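Dear colleague,

I am passing on the structure we spoke about, and below it you will find my notes on what turned up when I went through it. Please read them with the model open beside you.

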Amino acid sequence: MEYDLQNGLSNIALLPAASNTSTATGTGVDVSGFQGKLKLTLDSAAGTGTNPTFDIAVQTSLVLGSGYAALTDANGDAVVFAQITDAEAVLTSIAVDTRDCLKFIRVVGTLGGTSTPTFLCSLNAVGALQTR
């Protein structure tokens, strides 16, 4: 976790840069010290393999390491990124309201396709720390 002391922002690596060839599961991160919304940014190279797809969802839990379930927004919709395909590189962001989260969040990416689908990507979050 990196801190910007001047602006009270923190950067969190939810999925460190890696070449993913199977399900990519990030480590849970405690978001209880953040206020408002987190900006989650996905940076992915074009997929390789035959018809590769990459679906990334945000999950939440009260306990680090277990009990994760899909995070839903205030409307009850699952918080997910649009599906990534082999078409081209993608740089996209979504917002996660920390008030919709339990104590921890993580991201899970599921790969599809044949002939060893692969996506080189990273996923980071930036948010404002609570002031006390």
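**Charged pairs**

Arg99 is exposed, having a relative accessible area of 64%, and its side chain forms a salt bridge with Asp97, where the closest N and O atoms are 2.9 Å apart. Asp97, by contrast, counts as buried, at 17% relative accessibility. Please keep in mind throughout that this is a predicted model.

The count of salt bridges comes to two, and the other one joins Lys103 to Asp30, with 3.9 Å between the closest N and O atoms. Lys103 lies in the loop between strand S9 (90-97) and S10, while Asp30 lies in strand S4, so this pair ties together parts that are 73 residues apart in sequence. Lys103 is partly exposed, with a relative accessible area of 36%, and Asp30 is likewise partly exposed, with a value of 30%.

**Around Val29**

Strand S4 (residues 29-30) also holds Val29, which counts as buried at 11% relative accessibility. If neighbours within four places in sequence are left aside, Val29 is in contact with Ile12, Leu14, Lys103, Phe104 and Ile105, and one of these, Lys103, is the salt-bridge partner of Asp30. Leu120, on the other hand, is 91 residues from Val29 in sequence and 22 Å from it in space, taken from C-alpha to C-alpha.

**The nonpolar core and the aromatic pair**

Which residues have the most contacts inside the largest nonpolar core? That core has 27 residues, and the ones with the most contacts inside it are Leu14, Leu40, Phe54, Ile56, Val58, Val107 and Leu123. The elements that give two or more residues to the core are strand S2 (9-20), strand S5 (34-44), S6, S9 and S10, and the largest share, seven residues, comes from S10. In soluble globular proteins, nonpolar side chains tend to be buried together.

A search of the whole structure finds one aromatic pair, formed by Phe54 and Phe119, whose rings are stacked at 5.2 Å centre to centre with 15° between the planes. Because Phe54 lies in strand S6 (residues 48-61) and Phe119 in strand S10 (residues 104-129), the pair ties together parts that are 65 residues apart in sequence. Both Phe54 and Phe119 are buried.

**At the surface**

Leu62, Val63 and Leu102 make a nonpolar surface patch of about 280 Å². Of these, Leu62 is found in the loop between S6 and strand S7 (69-70), and Leu62 is exposed, with a relative accessible area of 60%.

Ser115, which is placed in strand S10, has a positive phi of about 60° although it is not a glycine, and Ser115 is exposed, with a relative accessible area of 54%. Thr116, which also lies in strand S10, has a positive phi of about 55°, again without being a glycine, and Thr116 counts as exposed at 55% relative accessibility.

With best wishes

Terms used:
Residues numbered from 1 in each chain as written. Predicted model: local features only at pLDDT ≥ 70, side-chain atom pairs only at ≥ 80, totals over all residues. Heavy atoms only, no water. Phe/Tyr/Trp six-rings, centres within 6.5 Å; stacked < 30°, edge-to-face > 60°. Helix = DSSP H or I, 4+ residues; strand = E, 2+ residues; numbered from the N terminus. Buried < 20%, exposed > 50% of the residue type's maximum accessible area, 1.4 Å probe, protein only. Contact = heavy atoms within 4.5 Å. Salt bridge = Lys/Arg side-chain N within 4 Å of Asp/Glu carboxyl O. Patch = residues over 30% accessible without salt bridge, like charges linked within 9 Å, V, L, I, M, F, W, Y side chains within 5 Å. Areas by Shrake-Rupley, 256 points an atom, 1.4 Å probe, with all protein chains shown as cover. Core = buried A, V, L, I, M, F, W, Y, C linked by side-chain atoms within 4.5 Å.
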